[in-house]
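Student: I have a model open on my screen and would like to learn how to read it. Could we go through it together?

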Amino acid sequence: MHVGASLKLLRMDAGLSLRDLARRIGVSSAYLSRVEHGIDPPPTAERLAAIARELDLPPALLVDAASRVSPFLNHYLETVPGASALFLEIARRRLNGHQLLRVHELIAQEFPLPEPARRAPPPGLAPLLSEERVVPRLRCAELGDALDLAAARLAPALETSATQLAVELHAAEQRASSHVGAGVAVARLHRASGPAVAALLTLSPPLAMGGGAALRVVVVLVSERSPSALALLAHVSRLAAHGLADAIATLDDPAWIVGRITELEMLR
Amino acid sequence: MSSPLDTPAGLLLVQLAVILGLSRLLGVFARRLRQPLVVAEIAAGVLLGPSVLGALAPTAAEALFPTGALATLHSISQLALVLFMFLVGLRLDTGQLARTARTSLFVSQAGMIVPFALGACLAWWLYGELSTPEVPFVLFALFVGLTMSITALPVLAKLLGDRHLLDTRLGAVAVASAAVDDVAAWCLLAIVVSFARAGELGTAVGTSALALALGVAAFVALRPALARLGRRISTGGGMTEGMMAGVLVLVLCAGLLTESLGIHALFGSFVLGTVFPREGGLARALADRLEDLTMVLLLPVFFAYSGLRTDVALLHDGRAWLMCGAVLVIGSIGKIGGGALAARLAGLPPRQAATVGVLLNMRGAMHLVVINMGLDLGVLSPTLFAILVIVGLTTTALTDPLLRWASPSDITLRARASPATERTAAPPAILCVPGPTGAPAMALLAHALGGSDDDGALYGLKLDRDRRTAAEEVEDELEQLIDHAAALGHSVRPLSFVSTDPGADICRTADVKGAELVLVGATHVPEQGQLIDPVLLDVLRSPIETVGVLVARQLAEIDRVLVLHTAPEEDDLLALAKRIAERTGAALRLVDAASELALAGPADLVVSAVDTEGRTRLTTTLPPKASALLARMTGSPRESRGSLQPSGDATPCTSAPR
């Protein structure tokens with residue numbers, strides 16, 4: 001798993017060229033390209049925050065998606081040793097999503113962040129899904145089949161023809177692979193208008209892709225092109241990095257899958 | 001009370017109001033006629049000039065544009081040009097230019113060389129007619145050639161954008177050739193202008209080389225600083241007025257520099273515009289800020305000033321109009337032909353290449369800029385200037401009709417829809433497993449139904465309602481189908497998933513795959529009064545073109561096929577049976593009525609149509625001597641297909657009206 005693939009998709013959806021973004025965050029485009037292809041390690045938390053600022057995303061989201069939390073935390077714990085005790089307390093209580101949400105609210109209220117406080121929380125995946133748009137345990141020969149099925153499930157909600165939707169999805173996939181790593185592909189379709197909806201397919205057996213990685217979950221996001229669409233992509237990448245595929249791969253019931261995702265993204 | 005026209009300021013305000021008002025008024029008509037705004041603006045200038053207003057109402061013309069007060073308009077139009085060319089440079093996609101230059105510089109140049117050469121040839125004839133001996137012929141020929149080869153890049157980009165053609169290959173080729181041509185033309189023009197001013201070619205080349213060196217120096221020295229500025233703007237929230245003033249001073253200095261070198265002020269601002277970095281939003285922010293003022297207020301003044309210098313009355317005899325026609329025709333041939341040639345060399349099909357040529361023939365404002373320079377320098381006579389204004393206006397106005405002639409309106413659609421056609425060759429077929437029929441029978445039938453060489457994809461669709469437990473055995477069945485089909489030389493693509501509504505999912509999958517044939521297995525032909533399987537029911541009610549229901553006992557080979565053929569409109573049923581016979585080499589036999597089935601002898605496969613509009617010709621059970629039955633569902637309306645019609649008894653029977 002490398003965060004590069006997600007960064008690339010986010011950059012492309014934001015409509016920035018490689019050179020453009022590199023220049024804005026003050027790195028060479030060669031370096032950014034190596035990161036996007038997973039040759040160089042993920043950028044530091046500071047650099048990710050700079051990227052997030054350019055893409056108009058919550059910095060924490062990107063840092064988390066890149067699994068760069070622990071170095072960041074370690075650094076914090078080294079400077080403020082007292083914090084370790086607090087984290088230990090939380091860990092010992094094995095707080096679940098609901099309880100963490102309350103802790104989060106308390107922190108946000110007591111110690112608001114100076115600048116991005118106006119930000120609404122990033123949108124979640126579960127609210128965009130519905131049981132009809134979840135296909136468990138798909139076996140197929142190629143990603144195109146999965147996209148076709150997703151189109152078939154999405155078409156009623158978008159009041160469009162499944163064929164048209166499939167053509168658009170295939171074209172988007174041809175432009176750039178939607179594989180974000182960790183066995184998850186996030187196909188995005190930006191339409192001029194219409195509701196934001198998502199479809200999700202779990203692949204069983206996993207679908208072998210080029211480069212050795214096997215695809216286990218395909219998420220299709222359809223929305224208008226907007227900052228929140230970008231935040232959603234970052235959010236799904238983060239879910240992927242945190243083991244979305246493992247969490248839902250064995251589930252057979254669309255309702256369970258939606259429930260599991262709701263639980264996973266309780267604290268976002 | 002004195003007239004407002006008496007004071008210089010009052011006069012200027014009235015002039016500006018008239019120019020702007022008339023431009024916009026004509027702009028409304030231009031839009032109706034699908035013409036670019038620039039046509040209206042140039043036409044407004046000509047209308048206000050001696051050609052129309054001056055001829056019809058000389059007193060009003062003299063009052064509105066007194067000869068002595070033209071200097072103010074001249075100054076404003078020069079400022080307009082400097083800012084306009086800065087904007088052109090700013091909007092020029094230097095990145096694309098660099099890419100194009102690497103791959104197809106030669107190709108793009110063809111679009112320039114052809115009109116240039118034709119224009120120079122034309123100059124041979126025009127020189128004797130319309131020029132004076134003071135102007136060297138080489139200079140005259142170069143200038144006419146240049147005016148012939150210039151393209152209105154900004155108008156072109158806007159027109160392509162309006163038609164959603166910018167992202168297509170056609171659009172890319174057109175913009176790239178126009179950009180490459182124009183940059184080449186401007187470089188050449190710089191040499192020509194300094195030549196005209198200095199009087200000899202050596203000095204001109206020297207001056208141009210100096211200017212080029214300055215341009216490179218500007219690029220090296222200014223770009224990093226400008227890039228830093230751009231970053232500050234994109235992170236720090238916008239451009240301050242101080243920065244704006246700084247940039248404007250820079251633009252004016254650049255113009256001043258080239259002007260004092262003896263080229264022309266607009267070259268400096270154009271080059272400066274190209275130097276600005278595209279990343280970081282500085283170029284965009286600047287262009288947005290400057291565009292309104294320049295394009296709406298200043299540029300129409302330039303057009304009006306050109307119009308004031310255009311006197312169509314100078315074309316007083318047939319010979320002059322003949323020359324005008326010749327310039328128009330030869331200029332258009334050169335530009336359209338050259339552009340089309342370039343596009344053909346770049347690999348576009350003929351029709352699209354012609355479209356590119358037509359697009360490049362649009363001359364717009366740039367042409368006017370060049371010929372104004374020619375008039376200022378004394379290279380072009382007023383008569384030739386008037387001719388060239390008419391030519392520029394006509395070619396720009398002709399672009400839209402020619403474009404509609406050259407490119408059918410579905411060109412955008414075709415460019416967009418291509419991925420779909422690539423995806424599938426023949427319509428795919430979907431084989432639904434499980435079937436009680438078993439995988440071998442399904443594979444055999446799929447093989448038998450497959451066309452001879454234009455096989456569409458075959459999908460083995462397995463929908464699993466009972467989740468996990470069933471999933472394992474179901475995989476086996478799909479695996480069997482794939483294996484059996486592979487033995488017959490077909491690759492079946494697996495497609496299986498957990499479905500809460502298999503019937504709907506079969507239909508949806510068939511729809512999205514564009515499948516024209518769906519094969520469904522059934523345990524038995526429904527007995528009397530028995531309801532049909534709900535999944536089958538869903539599939540039968542869908543708008544899928546052909547649904548085959550396979551009922552098989554033991555189908556190991558297809559040697560003898562009986563077709564229950566009852567009505568002439570079922571020729572497609574016969575075609576289906578013939579396809580099976582062709583593929584398997586089976587003997588085909590037609591049976592006219594179901595009652596004959598019993599007498600027809602043993603058969604491996606009975607092909608029958610089910611028409612559910614009240615008449616049924618389907619035997620309610622498998623014919624005694626047949627191993628399998630393929631029922632082809634036909635007829636409409638689909639809604640009526642509640643269940644297969646029960647018939648009187650369990651023996652083969654018929655009620656076929658014949």
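Student: Let me begin with a helix: why is α16(B) largely enclosed by the rest of the structure?

Tutor: Because 12 of the 14 residues of α16(B) are buried. A residue is buried if 20 or more other C-beta atoms, placed from the backbone, lie within 10 Å of its own, exposed if 12 or fewer, and partly exposed in between. Helices here are DSSP runs of H or I with at least four residues, strands are E runs of at least two, and both are numbered from the N terminus. The buried residues of α16(B) include His367(B), Asn372(B) and Leu375(B).

Student: How do I find this helix, and what span does it have?

Tutor: Helix α16 covers residues 364-377 of chain B and reaches 21 Å from its first C-alpha to its last, close to the 20 Å expected. The expected span is 1.5 Å times one less than the number of residues. Just after α16(B), Gly378(B) takes a positive phi of about 85°.

As for conventions, residues are numbered from 1 along each chain as its sequence is written, while chains are lettered from A and ligands numbered from 1 in the order written. This is a predicted model, in which local features need pLDDT of at least 70, side-chain atom pairs count only at pLDDT 80 or more, and totals for chains, interfaces and linings use all residues.

Student: Where in chain B is confidence lowest, and where highest?

Tutor: pLDDT is the predictor's confidence in each residue, from 0 to 100. Helix α18 (residues 411-423) of chain B is lowest, at a mean of 36, and helix α1 (residues 8-32) of chain B is highest, at 89. The mean for chain B is 74. Where pLDDT is low, the predicted coordinates should not be read in detail.

Student: Which residues have the most contacts inside the largest nonpolar core?

Tutor: In soluble globular proteins, nonpolar side chains tend to be buried together. A nonpolar core is a set of buried Ala, Val, Leu, Ile, Met, Phe, Trp, Tyr and Cys residues joined through C-beta atoms within 7 Å. The largest has 139 residues, and those with the most contacts include Val220(A) and Leu431(B).
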